Amino acid sequence: MRDVAGARLTTDDLTRRIEGWRGESVVVAREPETDTWMFIALHDTRMGPAVGGTRMKTYSTLGDGLLDALRLAEGMTYKWAGVGIPFGGGKAVLATRETLTGDRRHRVLERYGRLLGSLRGAFRTGVDLGTTPEDMKVVSDAAPYVMGILHGHSTDPGPFTALGVLAGIRAALQSRFGTDSLEGRSVLIQGVGDVGQPLAEMLADAGARLVMCDTDEDTAGAWADRLGGTVVAPADMAGADVDIYAPCAVGATVNPETVPLLRCHIVAGSANNQLATSEDADRLHERGILYAPDYIINAGGAIAFGRMQLGVTEGQQLRSEVEAIGDTLAEVFEEAAAAKESPVHAAQRRAERFLATRESGSA
Ligand code: NAD
């Protein structure tokens, strides 16, 4: 069993982490034919029904899958609160024994849909790592609690998330350099996938110089050719000489080993849990690298889907709501600069202030 930074976890560590979770409940189910375990973690529903994505992944152990659900559900509480949307924090993990396709995948999604339906709206969901809009259509046929279904079709959150990241990058540039222009700025995109691809297109349109990095080097090369960028190998990512590092792949790429190597001025990307430990935020701050807290900058897909759930379907309005991530981050950067600290602390206080409005009955 491993933690987010890849270190091995003992059974005692696992127990401690479960005991340390301050959430509300976890619903567990199993699909017998594929031996897929399902964990739906509801972390905090003070603000409203829990809302979060559904991740499908093969873990080394079931404990890893459970911990992932707990950690990600907590992250969702702060994501909604950080951007001021009155939903609770929750997340679902479908821990598979192998990559599932065809009928076996369909069976798991149907079973998951029935589980979701049994919660009668206490948890609402959408795509996450390992699930697709097509998967969500199958789930939504079993339960009407899938977000991002617009006019009967399932929507891809990636482009909305990328739009939010772009707004966040501009806010970070403004805070760090006094101008939000991307003209001539170099941006390393690590992970050229569902978010990384539309982000690369938008950055190229805005005049940025792209450096592409992906474990799939053909994909990185193809996108670099298409948009006029260069490629860096994953092993050399941390030392790349760029203005902005945009992590858009896996978590924990900002860690005690990489922080001393980073040559960028800004870390701003879509990946969840970018910091291996909370101290890495302070390490970045000490090095003068501005960090855009992940759960705010990557909330674009969540905001768009949340607004769709609340009845907003007009494209331009959805885009404006997502772009407001830039304003939110500008406030976070300002508060952090005034306190001479990492923006993670200002973001955390902002989320807690929002959650406290429910406790005082004013939300
Ligand atoms: P994706 O699976 O579509 O793309 C990820 C890409 O990263 C793939 O091309 C993969 O080959 C590459 N990759 C994996 N490990 C890598 C590594 N170590 N170095 C370089 N490249 C690597 O995923 P996505 O939907 O684009 O999401 C990317 C990140 O953003 C994830 O952390 C996800 O949780 C987060 N996120 C995504 C959304 C969304 O709307 N899709 C929303 C919020 C957060």
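Start by selecting Asp 35, which you'll find in the loop between strand E1 (25-31) and strand E2 (36-44). Helices (H or I, at least four residues) and strands (E, at least two) are DSSP runs, numbered from the N terminus. Asp 35 isn't a glycine, yet it has a positive phi of about 55 degrees. With a relative accessible area of 22%, this residue is partly exposed. On this tour, buried means under 20% relative accessible area, exposed over 50%, and partly exposed in between (1.4 Å probe, protein chains only).

Before moving on, a word on what's on screen: this is a predicted model, where local features need pLDDT of at least 70 and side-chain atom pairs count only at pLDDT 80 or more, while totals for chains, interfaces and linings use all residues. Residues are numbered from 1 along each chain as its sequence is written, and side-chain values use heavy atoms, with hydrogens and water left out.

Now jump to Lys 340, in the loop between helix H12 (325-339) and helix H13 (343-359). Lys 340 has a positive phi too, about 50 degrees, and is not a glycine. Is Lys 340 buried or exposed? It's exposed, with a relative accessible area of 69%.

Zoom out to see the whole chain. It has 13 helices and 14 strands, and its C-alpha atoms fill a box of roughly 50 × 50 × 50 Å along the principal axes. Buried residues make up 54% of the 363.

Time to go inside. Select Leu 182, Leu 199 and Leu 203: they have the most contacts inside the largest nonpolar core, which has 63 residues. Such a core is a set of buried Ala, Val, Leu, Ile, Met, Phe, Trp, Tyr and Cys residues joined through side-chain atoms within 4.5 Å. Helix H5 (residues 158-177) gives the most to this core, with nine residues. For a second, separate core, of 23 residues, pick out Ala 29, Leu 42, Ala 92 and Leu 119, which are among its members.

Back at Leu 182, show what surrounds it. Leaving out residues up to four places away in sequence, Leu 182 touches several residues, including Leu 166, Ile 169, Val 187 and Ile 244. Contact here means heavy atoms within 4.5 Å.

Next, some rings. Trp 80 and Phe 87 form an edge-to-face aromatic pair, 5.0 Å centre to centre with 80 degrees between the planes. Rings of Phe, Tyr and Trp (its six-membered ring) pair if their centres lie within 6.5 Å; planes under 30 degrees apart count as stacked, over 60 as edge-to-face and the rest as tilted. Both Trp 80 and Phe 87 are buried.

Two arginines come next. Arg 185 lies over the face of Phe 177, at 3.9 Å from the ring centre, and the charged end of Arg 226 sits over the ring of Trp 223, 4.3 Å from its centre. The rule here: NZ of Lys or CZ of Arg within 6 Å of the ring centre and within 35 degrees of the ring normal.

Last stop: Cys 264, in the loop between strand E12 (244-247) and strand E13 (266-267). Cys 264 is buried, at 6% relative accessible area. Beyond its neighbours within four places in sequence, Cys 264 is in contact with Val 242, Asp 243, Ile 244, Tyr 245 and Ile 289.
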